[in-house]
Amino acid sequence: MNNQSKKVPLLVTAVIISVIVLVLIVSFWVSSMHFPRNQDYFQYKNELKIPPLLLDRNSDPNTADFVLDVQSGETVFFDGRQTMTLGYNGSYLGPVIRFKKGENVNIHVNNQLDVSTTVHWHGLVVDGEQDGGPHQGIQPGDSWSPAFTVDQPAATLWYHPHLKGDTADQVYYGLAGLIYIDDENSEKLNLPKEYGINDIPLIVQDRRFNADGSFDYRTSTMGVVAGDTIIINGTVNPYLNVNKEHVRFRILNASNSQNVDISLSNGVDFQQIASDGGFLEVPLTRRSIFLSPGERAEVVIDFSRSDLDKISLMSGNQPVMDINLTTASAELTEIPDSLTTIAPINSIENLSIRVFELQSMGISGTINGKFFDMNRIDEEVTLNESEIWIIRNTGGMMRSGGHPFHVHGTQFQILSRNGQTPPLHERGFKDTVYVNTGEEVAMLVQFTHPGIFMYHCHILEHEDNGMMGQFRVS
Ligand code: C2O
Ligand code: CU
Ligand code: CU
């Protein structure tokens, strides 16, 4: 080809790209025009809602039967205003489901919506068929009854829909809930464990509301517009009353796309005791906890010596919950200095390596250059064989940023972040890892259950728009 014929397609491409970029910029600008935030909605404090514990309908201690009804409803976030929402056994979010390690669990999911859904157990290590991914769609009016044995240590996991192309909407409108796994170790450890008293779930989400109380969920091809209101357990402007004692918080970032960075207004340290997959070996002193969408952390805060009667929980520099400190209680004075043992990582030299390259463009993205295709298996993985997965965020176009990379059917261990040993809080088991632009994370993965599973970006709009792949374990 001579020079002349090369230049013409180049020029055409340049023109097309600039037109696309212009259209995207205009559509983003239109979609992000701000509706005035009506102040009096936001000034009232509401007591933090504590999700109910889901009743186990089976009296056999080794078997559990749970029922989840997926429903639509109306939720009052602001006095006198109803918001159309979705929930499990209620109008927004769902109950906490408690499993015991070793238990045989049956869950009966009834889809009472007029659209399809799925229920995925995020972080749970079960066969692909029980995982609740896009292949386990539940039609309107239908039921799905997965059954599995819990064979992983104590942890705080969660559940949410995973319908192909429609996860982000369903989660935004309210479909999410927590799962607690208890085991012998968690039961004997001297940690706060009175649910709702000194063992408090915190489901953190960013939302935006219209003046009539309805959600104002905004996306465009450029990306997602962050919510201007952090709600916790579905509560706007929450307060929580606790005793002056050690209080444990199990924090889930259930936002669709926003990261959170949680700290205390008085700047004091607290102890992180668990990450996604369960306890860390030892409590870690932290001043703030960064969580990308899908990640969890458990922390214990010692309020026993505080002379304040109110501390705010902060997300970044925004107060998001008042913690009112009431009477002193002397029940627990020290938390244990050893929480669990994590077997050291053996030689990794002969393990096979897979590389996953993340790229995003506005609201969509690819993994290894491919958009999700339900009819394509991207990776074949051997059951019970350890592998090294390398996740590389190579950037992209238009507001490309970090991606929380999540893998189903396993809890992995981070080997390195940008070639360095990972920070202490990333040395426990994880199922979701944040990989910022230009970063590279290597992790040790092993799959002990067969089936088809997903890996994807946990920015739900990225997931819905192609940033997902699937692998078969056999
Ligand atoms: Cu929390 Cu594939 O999901
Ligand atoms: Cu998952
Ligand atoms: Cu992403």
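Predicted model: local features only at pLDDT ≥ 70, side-chain atom pairs only at ≥ 80, totals over all residues.
## Cavities in the model

Rolling a probe the size of a water molecule over the atoms shows where empty space is left. In this structure, two cavities of 30 Å³ or more are found.

## The largest cavity

The volume of the largest cavity is about 40 Å³. Its lining is formed by Phe249, Ile251, Ile262, Phe270, Ile289, Val299, Ile301 and Leu313. By class, this lining consists of eight nonpolar residues, with no polar and no charged ones.

Two strands contribute at least two lining residues each: strand S17 (246-253) and strand S22 (296-302).

## The second largest cavity

The second largest cavity has a volume of about 30 Å³. The residues that line this cavity are Tyr172, Asp206, Tyr217, Val224, Val225, Asn256, Ser257 and Glu461. Four of them are classed as nonpolar, two as polar and two as charged.

## The copper site

Which residues coordinate the copper ion (ligand 2)? The copper ion is held by His120 and His406, each through its NE2 atom, at 1.9 Å. His120 belongs to strand S6 (residues 120-122) and His406 to strand S29 (residues 403-407), so the pair ties together parts that are 286 residues apart in sequence.

Are these two histidines buried or exposed? A residue counts as buried when its relative accessible area is under 20%. His120 has a relative accessible area of 0% and is therefore buried. His406 is likewise buried, because its relative accessibility is 0%.

Key: Residues numbered from 1 in each chain as written. Chains lettered and ligands numbered in written order. Heavy atoms only, no water. 1 Å grid on protein atoms, 1.4 Å probe; cavity = no way out; pocket = protein on both sides within 12 Å on 5 of 7 lines; lining within 4 Å. Points joined across faces, edges and corners; volume = space filled by probe spheres on them. Helix = DSSP H or I, 4+ residues; strand = E, 2+ residues; numbered from the N terminus. Nonpolar A, V, L, I, M, F, W, Y, C, P; charged D, E, K, R; others polar. Donors = N, O, S within 2.8 Å, 3.2 Å for Na, K, Ca; no water. Buried < 20%, exposed > 50% of the residue type's maximum accessible area, 1.4 Å probe, protein only.
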